[in-house]
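Subject: Structure handover and findings

Dear colleague,

Please find below the structure that I promised to pass on to you.

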Amino acid sequence: NQVYSLAVVGSTVYAGGLFWTVGGQTRRYVAALDPAPGVATAWNPGTSSFVYTLVPSGAAIYLGGSFSSVGVVKRNGVAALDLATGAATSWNPNPNGRAYALAVSGNVLYVGGDFTTIAGQPRNRIAAFDATTGAVSPWNPNANAVVSVLAAADPMVYAAGGFTSIGGLPRANLAQLDAATGLATSWNPNPNSSVSTLLLDGGFVYAGGGFTNIGLLARNRIAQLDATGAATGWNPNANNTVMALAKIGSMVYAG
């Protein structure tokens, strides 16, 4: 079944999604894979439902999804797993909804989803945590609808989703947020439809999704945005939704 997220740590590939089997083994929604033969390793935490996103940080890998347990431990929507054992750590923010997006920048973990409370605090659909202590931050952009994509590179955080307001300003589907204050900046590409994926590269932001206009120009489903939020002359013109982006050297790959 579908794979929604991949991460590489050392010589291991981690995958999360809707699957029950992968790499020749039963693995419920999350797995670790040996990249050479493609077989599943012994790492096998298992979740009760879908894993939409995963991101490693330090000795842990963070999961976001619609699950209510990891292994035999209750964890709603978000969990941190030991990279060596697969056991859930003590960190338990317990959001009251799903987590669709995770991003790590420095010592900060960002979480996006459809929740309205997390770690016992009101946080509408986006929140930040200290990745060492697990404590929730006062940072609170307060999105008025789901946050489904996050990318972070201090001093900025980029969020995409179904919102029309975030960080105290009107922003449709995509925004740049100050990592210190949580306020939206003047950067405002204003895509006319969904953004499914973001890639940060120096002074540019690559966006993929279902839009046909972004950054004040016609751009079909993939665009490069500059530091002002305007679309550049780079224009691959995809004929259907772009769901994934990656960069290697001077090449950008889209799926």
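This is a predicted model: local features need pLDDT of at least 70, side-chain atom pairs count only at pLDDT 80 or more; totals for chains, interfaces and linings use all residues.

How many aromatic pairs does the structure hold? There are eleven of them, where rings of Phe, Tyr and Trp (the six-membered ring of Trp) pair if their centres lie within 6.5 Å, and where planes under 30 degrees apart count as stacked, over 60 as edge-to-face and the rest as tilted.

Residues are numbered from 1 along each chain as its sequence is written, and side-chain values use heavy atoms, with hydrogens and water left out.

To return to that pair, Phe 50 is partly exposed, with a relative accessible area of 29%, whereas Tyr 52 is buried, at 19%; buried means under 20% relative accessible area, exposed over 50%, and partly exposed in between, for a 1.4 Å probe and protein chains only. Another edge-to-face pair is formed by Tyr 62 and Trp 91, with 5.3 Å centre to centre and 90 degrees between the planes. Tyr 62 lies in strand E7 (residues 60-65) and Trp 91 in the loop between strand E10 (78-82) and strand E11 (99-105), so this pair ties together parts that are 29 residues apart in sequence; strands (E, at least two residues) are DSSP runs, numbered from the N terminus. Both Tyr 62 and Trp 91 are buried. Phe 50 and Tyr 52 also belong to one aromatic cluster with Tyr 4, Trp 20, Tyr 29 and Tyr 100.

Turning to the strands, three of them form an open antiparallel sheet in the order E1-E2-E5, where two strands pair if DSSP finds at least two bridges between them. Strand E1 (3-9) and strand E5 (30-33) are its edge strands, each pairing on one side only. E1 and strand E2 (residues 12-17) pair over six bridges, and Ser 5 has Gly 16 in E2 as its bridge partner.

Finally, Leu 183 lies in the loop between strand E20 (174-178) and strand E21 (195-201), and is partly exposed, with a relative accessible area of 48%. Leaving aside neighbours within four places in sequence, Leu 183 is in contact (heavy atoms within 4.5 Å) with Gly 167, Gln 176, Leu 177 and Asp 178.

With kind regards

How values were computed
Helices (H or I, at least four residues) and strands (E, at least two) are DSSP runs, numbered from the N terminus.
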